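Let's talk through the labels used for this model and the values behind them. Each question asks what stands behind a word, and each reply sets a value against its cut-off.

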Amino acid sequence: MDQSEMKRAAALEAVKYVQEGDILGVGTGSTVNYFIDNLVTVKDKIKGAVSSSVASAERLKKIGIPVFDLNDVDSFDVYVDGADEINGSLEMIKGGGAALTREKIVAAVAKKFVCIVDETKLVTMLGDFPLPVEVIPMAVNYVSGELRKMGGRPVFRTNVVTDNGNCIIDVRGLRINAPKDYEEQINMIPGVVTVGLFAHRTADVLIVGSQNGVKVIRRDDQNRDEFNSSLIMRADMQR
Ligand code: 5RP
């Protein structure tokens with residue numbers, strides 16, 4: 001199986017989490033695009049969706065799924081989204097597609113976060129993937145300086161404006177050994193809208209498309225640690 005086949009397999013499994021009569025939270029990215037394509041088969045079961053990006057909203061509307069403004073929705077059960085990296089505690093780096101702020105907001109409202117990835121996204125320590133930070137345009141230089149003080153190498157993402165009209169800085173070289181602390185510290189820098197670390201709001205369910213089929217890991221699984229470390233070690237070895 002190549003990477004896109006593994007993404008497609010994880011996305012297909014996630015359709016099982018779509019609940020009758022509910023509004024569905026939908027994330028952003030290529031794995032989520034496969035998920036949206038699969039929603040054609042169950043779209044009559046759901047009331048509609050809330051989306052973490054303009055791009056996903058357009059894709060949902062194209063297949064006839066109504067898209068609600070999050071302000072018009074009190075609560076919903078399930079949010080399905082991808083990740084750029086995910087560790088054994090189901091903490092993630094997200095924002096490769098620049099949708100991190102809306103993703104964090106939609107994930108905060110959802111009762112259950114179902115993360116869909118291919119096995120290349122599994123890591124023992126977050127930080128190989130450059131950490132995206134959404135920044136107010138006038139604060140780019142200041143925030144970059146603060147990120148340098150933390151030991152990172154900030155790189156301005158060119159030709160990208162987020163759906164909120166802001167910029168993205170990708171931070172290389174961080175060894176994120178305490179994800180919650182990094183999330184808090186970076187979010188505290190004036191000018192930062194959101195850091196793409198999801199350590200306080202982790203995934204609840206991880207669906208991994210792998211060479212050996214699809215694996216499902218729940219945050220509250222008794223044997224999660226043992227299971228995860230073998231899966232993650234294998235992914236690390238394949239890099
Ligand atoms: C977008 C995201 C995506 O979930 C993340 O970049 C993964 O993308 P893909 O499914 O294309 O690998 O956070 O902002």
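Q: Which residues lie nearest the centre of the largest pocket, and how many line it? What makes it a pocket?
A: Of the 14 residues in its lining, S51, F68, D69, L70 and R102 lie nearest the centre. The search runs on a 1 Å grid over the protein atoms alone; a cavity is a set of points where a 1.4 Å probe fits but cannot get out, whereas a pocket is an open set with protein on both sides within 12 Å along at least five of seven lines. A residue belongs to the lining if it has an atom within 4 Å of a point.

Q: What kind of model is this, and how are its residues numbered?
A: It is a predicted model, in which local features need pLDDT of at least 70, side-chain atom pairs count only at pLDDT 80 or more, and totals for chains, interfaces and linings use all residues. Residues are numbered from 1 along each chain as its sequence is written, and side-chain values use heavy atoms, with hydrogens and water left out.

Q: How much space lies in the largest pocket?
A: About 260 Å³, where the volume is the space filled by probe spheres set on the points, and grid points are joined across faces, edges and corners. The elements giving two or more residues to this lining are β2 (48-51), α3 (54-62) and α4 (100-109). Helices here are DSSP runs of H or I with at least four residues, strands are runs of E with at least two, and both are numbered from the N terminus.

Q: What is the make-up of that lining by class?
A: Eight residues are nonpolar, three polar and three charged. Nonpolar covers Ala, Val, Leu, Ile, Met, Phe, Trp, Tyr, Cys and Pro; charged covers Asp, Glu, Lys and Arg; the others, Gly among them, count as polar.

Q: How much space lies in the second largest pocket, and which residues are closest to its centre?
A: This pocket holds about 200 Å³ of space. Its lining has 16 residues, with T28, G29, S30, A83 and D84 the closest to the centre. By class, the lining divides into two nonpolar, eight polar and six charged residues. Helix α2 (residues 30-38) gives the most, with three residues.

Q: Which residues of α2 are called buried, and what covers them?
A: T31, V32, Y34, F35 and I36 are the buried ones. Buried means under 20% relative accessible area, exposed means over 50%, and partly exposed lies in between (1.4 Å probe, protein chains only). Their cover includes α1 (3-14), β1 (23-26), α3, β3 (76-81) and β6 (110-118).

Q: Why is M6 called buried?
A: Its relative accessibility is 3%, so M6 counts as buried. M6 sits in helix α1 and, leaving aside residues up to four places away in sequence, touches M1, D118, E119, G209, S210 and Q211. A contact here means heavy atoms within 4.5 Å. M6 and G213 are 207 residues apart along the chain, with 8.0 Å between their C-alpha atoms.

Q: Is G97 buried or exposed, and how do you know?
A: G97 has 59% relative accessibility, so the label is exposed. G97 lies in the loop between β5 (92-93) and α4.

Q: Why is A98 called buried?
A: At 11% relative accessibility, A98 falls in the buried class. A98 is also in the loop between β5 and α4, and has a positive phi near 70 degrees although it is a residue other than glycine.

Q: What is the phi of L90, and why is L90 called buried?
A: Phi is about 65 degrees, a positive value although L90 is not a glycine. The relative accessible area of L90 is 0%, so L90 is buried. L90 is found in the loop between β4 (85-86) and β5.

Q: Why is G165 called partly exposed?
A: Its relative accessibility is 40%, so G165 counts as partly exposed. G165 lies in the loop between β8 (153-156) and β9 (167-172).

Q: How many helices and strands are in the protein chain, and what makes it as compact as a globular protein of its length?
A: There are seven helices and 13 strands. The radius of gyration is 17 Å, close to the 18 Å that the globule rule gives for 239 residues, so the chain is as compact as a globular protein of that length. This radius is taken over C-alpha atoms, and the rule is 2.2 Å times the number of residues to the power 0.38. Of the 239 residues, 53% count as buried.
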